[in-house]
Amino acid sequence: MAEQVAAMCEQLIKAVNVMMDAETSQIYRLEALKFCEEFKETSSLCVPCGLQLADKAQPAVVRHFGLQILEHVIKFRWNNMQQQEKVQLKECAMQLLSNGTRTILEEESHIKDALSRIVVEMIKREWPQNWPDMLTEMEALTSQGEAQTELVMLILLRLAEDVITFQTLPSQRRRDIQHMLTQKMENIFSFMIAILHINIEDYRKQVSVARAHCRVAVATLNTLAGYIDWVSLVHITFRNCHLLEMLCLLLSEPELQLEAAECLLIAMSRKGKLDERKPFMLLFDDVAIHYILSAAQSADGLVVERRYIFLKRLCQVLCAMSVQLCSLVGSDVEVEIPANLSKYMEAILAFTTHSSQFLKSTTLPTWGALFRHETLSKDAVVVEMATKYLRVSMTNLVKGGFPSRDDNPSCEYSRVDFDSDEDFNSFFNSFRAQQGVVLRSACRIVPLEAFQIAAEWLQYQIASPVDAGDVTCKSKTAEGLCSLLSPSVVQWDAMTVFMECVVSQILKNLEEEVMNMELLQAVLNYDSKDPLILSCVLTNVSALFPFAIHRPQLIPQVLYKVPRTRAVKNVRRHASSSIIKICRDYPQFILPCFDMFYNHVKKLFSSEASLTHMEKFSLMEALVLISNQFKDFAKQKAFIDELMASVVADWTSDEMRLALWDPVAFLSFVGADQVVTESQSTDTDTVSLNRGRLCFCLYAMLAVVKRAHWPADLEEAKAGGFVVGYSPAGAPIYRNPCTAQFHVLLPNLLALIRTHHSLFMPENMSRLSETFSRAHEVMDAEKNVVLGLSQHSLDIYVSPVYRSSLERMQGFFTSVYENCFQILGNAGLSLQQEFYTIERLAEGIAGSAFVSLDHVVRLFLRQLVLSCPQEYYESLLCPLLGPLFAYMMQRLNVRWQVINQRTSINNALNSDICDPHEITLGLPNSVVEISMGLVVYILYMQFHLDSGTSLTTKAFVLAVKTISSVVGGNLLPEAVSWFYTSVLRGLQVHGQHEVCNSTLCQLAMLIYENLRPRYIELRTVMTQIPNISVDALDQYDKRLMDPKAQKLGEKKRKDQFKKLIAGTVGKALCQQFRKEVHIRNLPSLFKKPKPDKDLVQSSEALGLAALFSPEHDAL
């Protein structure tokens, strides 16, 4: 036997060396692997060979393979082994723990891990019933040395992970082990804390084996972290939070501070009853807060990975402490504000001022919680700290620390946290938005101080000369303008964000006298040639505009300042947005200046040829917003007629009509049939002007249709002549002052939509010139967006100023198409009855927007349906939606065939599916039936598509809405069966994923309980589920169908239904060929036998027999 074992071990060692040799060919490696796997599966010499190979005299790779053999035997042969063999293997494993390893500093970590797995696998099968002394034996092992103590900690950690965290055991065994762990937890925790204490003391004595004691302490802390997450809070806080205090002391130990911080973080993140969490306030006491503050304030320095990870954990600990603080202070448990709150907030502030942008961002939720807390926000310490935070934010809002640069202390940390400048830029944008939220909270506490800081900063920026930065930035433009990273720009940008946050809050908290009117005057007087700084100035004007309400003489200066801003295209767009925003938010205050502003706009229109179309229609939109304050239908209509006169004349001209109604004329009108070289002028030629005219007309139409509106107050609307009647339900019917204009413009608008669709016909595609042959293709910039490749340029001058002729034509076609549908969609919302009563409207839309069902814009369709009055469903929506749904069914069928053939993965399915519930809500039955068929088909595909959670969740939401809509209607039994079967098949495909399983089980139960009473076919589907219990199904149906039957709670019903359909859940591909591990249940130790007690035959005297005894017969 010994010779046979030795010979086999020799062969196994050779095979292992062949597998691990980098020079071995693939064929030999596979043969060696096959030999080793066959040995583990079939050989009867596994245990003796495994033990011999695991001997510490062998090389580490051989020892690891020997331990793998032993683990394989325990996992797959344990149930077939004799009791004596099990005991012998257990004794051998304990011997390996005792003397089968090298010293703690010499032993390889993967050997320790493999040895601990062997013991844990035996524990999972035998403890506590057949191995009651396991914990005692583990404790005894720790007395043999540091190596054995570390192994014991690894065993306890892996046991907790398998039983609690990953739950890799059958439920009965898991309950048995968890119950015993819980029962013994006081002893386990005392044991681990004692081990930690001893080894920390020995480590601090700097004895010869200090490193060994440090390794044991690290292993103990890691094991504690595996238990702190789930044990009762009593064990964490026992002996007046001795464990937490010890962990705080370890924050000063460089070798142990990371593990200690992780334990603290897990502990402070625990939820539970408030009275159980009250002891956590110990961390705000003198000793604990001293060590925490010391570690936080020594945070900055050289970037060392382990040290930086520790800082992140410590910062998270402080944030978790704030969660406990905010939960306990002001609650029923009567916790006082800690005396050391100032020290705690100094620690938070230390991280907020750290060079790492990531650490700064981590503290933001804590500041926000403290500033919003009802009790803490009124405390003097927090109020004082709010002012400090505002000062710190002035630095934190400045964008800096790009990984590719070295101009900021944050750069070195950013190279650790971010892969590229684009990643950092995306993070910082989110970080700044979060800072804005916290800033607004701080402003509510100290509004006056916040405004003073903002005003000082703005005045400083106005007085400071422009610094464009290094020469490389200046060289990108002929004028040496600033880039996005120029010192002046980043300061102006940060100050602007600060000002916006502050002003939005002080308007609610400060009196008029405190407002600095000179500040707005200073901004209006400031002039800069740099477009980026000018953009910031515009934002400040918008932010400070509310001050002008209290100083009306400033309003004209604002209205003159913004439209006069002339620079690069982005700044013009910003100026246009600013004037619209001001007129939208404060129209009643600008109304007195309307005539002056209107005359100014007219002069601009007539005198400045360089005024762009965007600026023109933006000014028109601003004027319409102000005109809504007329609250006089006749006056507003006359104004809109005058404003739109030139647009109507141009749009309805014979030249424009010819171009809009004929595709050939349209292509010629816009120049798409002409060959253009890049050397030609494209700014002054006729076709470029034609495209500009067309775009301007559409934008002007959209501005008027979108913004013109009647007064929100019914009485004002009636007084102004906006109400023309009432609906049968009593709702007022309004008229819009732009309706007459829209009626005149509509025919050519529908003609343009129809013409645009016809451009995709082959004969019209062939008419495109060579220059514009790709004019209908997706623009490269949009392709990058779809592919997730879009990146915000860090310098506005990197991209070319002028686009190619093809790009301009592509942008023109896209703009025209989107604006046409925006106008149609907004017309329904704005005009309401006046739009839906247009003669032959359904025919007009069907002959234009619905000519090509491949190109129906979802947003337009949604607006059309949701704003349509119910009385026009039959006349308008039915003729449109019926053909659309039929076509969608056909289209999805074609796509599904592609998926079935596995020729491609059709990720475009998401974009094809709109929400039929939104479209069909309240529609006639004829349309609903069509949409129901479409929904069933969508669900069938989505539940079968191998795409995981996203599509399944989308299908679930769609299905729930559908069921609620059709549950009372009459459906075809075949459709119901198909619907239900699709959900069950979805479980087969996706059921192994927990989220999908829960979602689909809930949906299946919803369908079955709602439709089973009327559709017996659902029971037929259920009986086809593998391994279903027919008796259990009968019982479930009885409770469901019988009104007199006892109803169970929802949770019990869910559990029962989940058991019924358990046979449908399929396995993931990665699990289908995996060898099953079977762990047998052991006799339970914890079930108390129910007392077999018969109350009738009980010997106890209940008094009933005596009551009816003959002695009591006589009265």
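In which helix does Ala93 lie? Ala93 belongs to helix α5, residues 83–99, where helices are DSSP runs of H or I with at least four residues, strands are runs of E with at least two, and both are numbered from the N terminus. The model is predicted, so local features need a pLDDT of at least 70, side-chain atom pairs count only at pLDDT 80 or more, and totals for chains, interfaces and linings use all residues. Residues are numbered from 1 along each chain as its sequence is written, and side-chain values use heavy atoms, with hydrogens and water left out.

The protein has 56 helices and 2 strands. Of its 1115 residues, 51% are buried; buried means under 20% relative accessible area, exposed means over 50%, and partly exposed lies in between (1.4 Å probe, protein chains only). Among contacts (heavy atoms within 4.5 Å) between residues at least 6 apart in sequence, 75% join residues at least 24 apart.

Ala93 itself is buried, at 4% relative accessibility. Leaving aside residues up to four places away in sequence, Ala93 touches Ile118 and Met122. Its C-alpha atom is separated by 9.4 Å from that of Ser116, 23 residues apart along the chain. Phe498 touches residues including Leu390, Met394, Leu439, Ile453 and Trp457. Leu397 is also one of its contacts, and the C-alpha atoms of Phe498 and Leu397 are 7.7 Å apart although 101 residues separate them along the chain.

Turning to the strands, β1 (residues 723–726) and β2 (residues 732–734) run antiparallel and are joined by 3 bridges; two strands pair if DSSP finds at least two bridges between them. Gly725 stands opposite Ile733 in β2. The hairpin has 5 residues between the strands, and Gly730 takes a positive phi near 95 degrees there. Asn736 is buried, with a relative accessible area of 1%, and its side chain reaches the backbone oxygen of Ala708 at 3.0 Å. Among the residues that Asn736 touches are Phe633, His709, Trp710, Leu831 and Glu834.

Helices α51 (residues 994–1011) and α54 (residues 1050–1060) pack at an angle of about 100 degrees with their axes 10 Å apart; axes are lines fitted to C-alpha atoms, for helices over the stretch in contact, and angles run from 0 to 180 degrees between N-to-C directions. That makes α51 roughly perpendicular to α54, a class covering 65 to 115 degrees, whereas angles under 35 count as roughly parallel, over 145 as roughly antiparallel and the rest as oblique. Asn997, Cys1001, Ala1004, Met1005, Tyr1008 and Glu1009 in α51 meet Arg1053, Lys1054, Phe1057 and Lys1058 in α54.

Some backbone details are worth a look. Most residues other than glycine have a negative phi, and most peptide bonds are trans. The peptide bond from Trp127 to Pro128 is cis, with omega near 0 degrees, and Pro128 lies in the loop between α6 (109–126) and α7 (134–141). Gln832, not a glycine, has a positive phi of about 55 degrees; this residue is partly exposed, with a relative accessible area of 34%. Asn1027 likewise has a positive phi, of about 60 degrees, and is exposed at 80% relative accessible area.

Definitions and conventions
A polar contact is a pair of N or O atoms within 3.5 Å; within protein, one must be able to donate a hydrogen and the other to accept it, and residues adjacent in sequence count only if both atoms are side-chain atoms.
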